[in-house]
Amino acid sequence: ALLAASLLAVPATASAQAAASAVAVANLEEAVQKSNAFTAAIGQIKVTYKAQIDTLEARQKALNAEIAPLVTAFQAAQKAPNPNQAALQTQYNAIQTKQQNGQKELQNLGAPVARAQAYVEEQIVGKLDAALKAAMIKKGVALVLAPQATVSYAPASDLTDEITAELNTAVPTASITPPANWQPGGQGGAQQPAKPAPGR
């Protein structure tokens, strides 16, 4: 009787486990960033574009050093008794203009690096949907949610590593040299590419 009861319990347990595994969570950006192709390509970008990255970082520090005194002066003027509102507005506008011009300058300096990284991302993201579906099939998952869409979940419900493994198979390597006429997003794809900084 005990043996019969235990045999009857097996399908029920298996059924419960299947139901529990029908929903999973996955961080698609993390899956892309952890892939072998992405990690290797970022390493190549750091070497190939070292001069541009160093220039970008140096200019960022210089701009911060230029803007910091302006912000300090503005804050001090704000705290003064009966501050001159017109003068405050002028100071604020000057800070805003300098920040905006600085951002444009930094974007121009970093454009070659950003373009190379975007090309790498597009090659991997192009296989992301297939990798997600393959991981879902292998794990018997019917629904995948983003981690931020959940209140809580068990680590075993996280499908991110499985997706990364599928990407490693589908995209072993990625080129950091886009074709001359290539533009980010030109090859489509519903998924948004990951956007880590080159230093990550």
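**Close-up 1. Helices α4 and α5 packed along each other.** In this predicted model, helix α4 (residues 50-79) packs with α5 at an angle of about 170°, and the two axes are 10 Å apart. An axis here is a line fitted to C-alpha atoms, for helices over the stretch in contact, and angles run from 0 to 180 degrees between N-to-C directions. That angle is why α4 and α5 count as roughly antiparallel to each other (over 145 degrees is roughly antiparallel, under 35 roughly parallel, 65 to 115 roughly perpendicular, and the rest oblique). Sorted by class, the residues of this contact come out as 15 nonpolar, eight polar and four charged. For the bookkeeping, Ala, Val, Leu, Ile, Met, Phe, Trp, Tyr, Cys and Pro are nonpolar, Asp, Glu, Lys and Arg are charged, and the others, Gly among them, are polar. Helices (H or I, at least four residues) and strands (E, at least two) are DSSP runs, numbered from the N terminus.

**Close-up 2. Helix α3 against α5.** The axes of α3 and α5 come within 10 Å and cross at roughly 165°, which makes α3 roughly antiparallel to α5. On the α3 side sit A37, F38, A41, I42 and I45, meeting V113, A116, Q117, V120, E121 and I124 of α5; contact means heavy atoms within 4.5 Å. Nine of these residues are nonpolar, one is polar and one is charged.

**Close-up 3. The crossing of α6 and α7.** Here the axes come within 8 Å and cross at roughly 125°, so α6 and α7 are oblique to each other. α6 passes α7 in a right-handed crossing. From α6, the contact takes L128, A131, L132, A134, A135, K138 and K139, and from α7 it takes E162, I163, E166 and L167. That splits into seven nonpolar, no polar and four charged residues.

**Close-up 4. The largest nonpolar core.** This core has 28 residues, and the members touching the most others are V32, I45, V120, I124, L159, I163 and L167. The elements giving two or more residues to it are α2 (28-33), α3 (36-48), α5 (85-125), α6 (128-139) and α7 (160-170). A nonpolar core is a set of buried Ala, Val, Leu, Ile, Met, Phe, Trp, Tyr and Cys residues joined through side-chain atoms within 4.5 Å. Buried means under 20% relative accessible area, exposed over 50%, and partly exposed in between (1.4 Å probe, protein chains only). Leaving out residues up to four places away in sequence, L167 touches A31, V32, S35, I124, K127, L128 and A131.

Close-up 5. S35 sits in the loop between α2 and α3 and is buried, with a relative accessible area of 1%. Beyond four places away in sequence, S35 touches I124, T164, L167 and N168. V125 lies in helix α5 and also counts as buried, at 10% relative accessibility. Its C-alpha atom is 9.1 Å from that of E29, 96 residues apart along the chain.

**Notes for all views.** Residues are numbered from 1 along each chain as its sequence is written, and side-chain values use heavy atoms, with hydrogens and water left out. As this is a predicted model, local features need pLDDT of at least 70 and side-chain atom pairs count only at pLDDT 80 or more, while totals for chains, interfaces and linings use all residues.

Terms used: Left-handed = near helix turned anticlockwise from the far one by under 90°.
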